[in-house]
Amino acid sequence: MKYIIAVIQPDRLNEVLQELYKRDVHLVTVTQVMGHGRQKGQAQVYRGHKEVGLLLRKVKLEIAVNDEYLQLTLEAIAMGARTEQIGDGKVFVLELQDVMRIRTGETGGMAIG
Amino acid sequence: MLRRSGWVPGMPGAGLWLWVLVLGLMPTLAMAQDTAPSGAEGANAEVITAAADVVAVVEEAGTINTGDTAWMLVASALVLLMTPGLAFFYGGLVRRKNILSVLMQCFVCMGLVTVLWALVGFSLAFGSDTLGGFIGNPADFLFLNGVEFDKPWPGLTISGQLFMIFQCMFAVITPALIIGAFAERMKFSAFCAFTAAWVLIVYCPVAHWVWGGAEGFFGLGADGALDFAGGTVIHVNAGIAALVACIMLGKRQGYPDGISPPHQLPFAVLGAGLLWFGWFGFNAGSAGAATDQAVRAFVVTHIATAAAAMTWAAIEWVLPTVNGHGGRPTMLGTITGAVAGLVAITPASGFVGPMGALGVGFGASVLSYVFVAKVKPLAGYDDSLDVFGVHGVSGLWGAIAAGIWAVPGYGIDGAGGLLAGNPVQVVIQLKAILYTVVYSAVVSMVLLKVVDVIFGLRAEQHEERVGLDLTEHAEVAYTVLD
């Protein structure tokens, strides 16, 4: 099992979700996060006072999948989130030790879907 | 003192400069139109300092007029609305951990100052001369005794109680203006003590000099100083106290680069809108009656504010800002300009014409922009929300501008201002400003010192870091979950 963390542009969220649904991936947690990469944030000006290097708004998706869904999921995220502009985001893939469905107590691969 | 040369234009965007120039020049070109229509001034031609000065103006024994009463009741309510408007204007500009502390301080002004005003404040401002005209006699209207519901206030056609409650709203908002300077770091107990003392010891005397019928050395109103709705009494007074306060309290931790930007700009825009709306009561209400002078004040208030808002946005647009990128007109800049315009037109509102109002608004934004964006960072003081830069500077400008653009029919012997060929009016304006600045600065400093010794002015370091909402008031504005 894999745990996928993707940080994407907020405006791409809907596209990414649609791509995931097409591939039958439904288990997803979404949070609003702040961050920046090398490009740093957009400068802002308040009454002449410049604020540079501010954090940018991003959206973080967390998705747990069984191994056979890994490639499909990565493909979906790339399809939905790629604009070929700097700042499209990153995807991190981690080994996932176990999962438990709280309602039934099921664990492992069965509990993911 | 105020130099325009500090404002160096960058790459002008097409057409923008034209707008800036037109705004700047039009008032001068159009001066000729701004003479008061003869006869239309009526009884008001003799009114020099408007609402409050009426004490000194002798008219035939008036009776209460229902139309004037209706208007002044509404105007009083409009002025009250400015303080919660100001609360949101300020509240949106602070960090999310401090918004309640700012809203709370504004509401405390509405409560605390009103109580003090009813007990003794009104009498201190509008009682008969005491201490050589320095202040009103506290015994005259102590506990509002002798302020009538059914008899006209001398020189007006509204009752004494209505005049009192209208003036009460002014006393409420003046200390509230100062809050922006020490926002995010002043201890609440110290704020309450300072506000109470400042209203009685600074606001009431200055109101008495200008509006309360003071004679002799302190008789600024009797001198012929033009302050229609409170340029010196309110905005210069509060602006100077604000400057003193923010210097005495010191900078916020992390200022300037470690301070987050405004946490909720839409609140600030809402607040600015309420201020603009309420200001019609403030300025047009200062006519004290539903007269042509009230209409004049209403019209020029609106025009000056519009001009100032557009001027500030235009300045930001034409000045290059970040890393050589073109400037952008900001929402914050636009509302800041609007407030600067409202402040500046206040002392002049009953006396200038619509084209004079354009000049007043234009000058307000130029001067306040220079102070807020250029002078403050150089000087290094932390006036959190630019009370001095906006209210102080534009208040000073407005008080002078009243002496420049006043139309014939107003000013000393009705001779108008500088542009009407009466330069002495500017000198009188400067004298009123000087009195106010010196008195406000010195006494505010002493009061802050005393409060510091008794309560301590500043919140503890960790309280400032956590935020005053939680540490001073045990509540938060925004929950994280649910």
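Two residues are in contact here if their C-beta atoms, placed from the backbone, lie within 7 Å. The model is predicted, with local features requiring pLDDT of at least 70 and side-chain atom pairs counting only at pLDDT 80 or more, while totals for chains, interfaces and linings use all residues. Residues are numbered from 1 along each chain as its sequence is written, and chains are lettered from A and ligands numbered from 1 in the order in which they are written.

Chain B contributes 13 residues to the contact and chain A nine residues. On the side of chain B that touches chain A, helix H11 (331–345) and helix H12 (354–379) each supply at least two residues; helices are DSSP runs of H or I with at least four residues, numbered from the N terminus. H11(B) gives the most to this side, namely three residues.

H11(B) is itself mostly covered, with 14 of its 15 residues buried. A residue is buried if 20 or more other C-beta atoms lie within 10 Å of its own, C-beta atoms being placed from the backbone.

Backbone geometry in the loops of chain B also deserves attention. Most residues other than glycine have a negative phi, and most peptide bonds are trans. B:Glu184, in the loop between helix H5 (160–182) and helix H6 (188–210) of chain B, has a positive phi near 75 degrees. B:Asp386, in the loop between H12 and helix H13 (387–405) of chain B, has a positive phi of about 60 degrees. B:Glu184 counts as buried because it has 24 C-beta neighbours inside 10 Å; B:Asp386 is buried with 25 other C-beta atoms within 10 Å. The peptide bond from B:Tyr255 to B:Pro256 is cis, with omega near 5 degrees.

Key: Buried ≥ 20, exposed ≤ 12 C-beta atoms within 10 Å, placed from the backbone.
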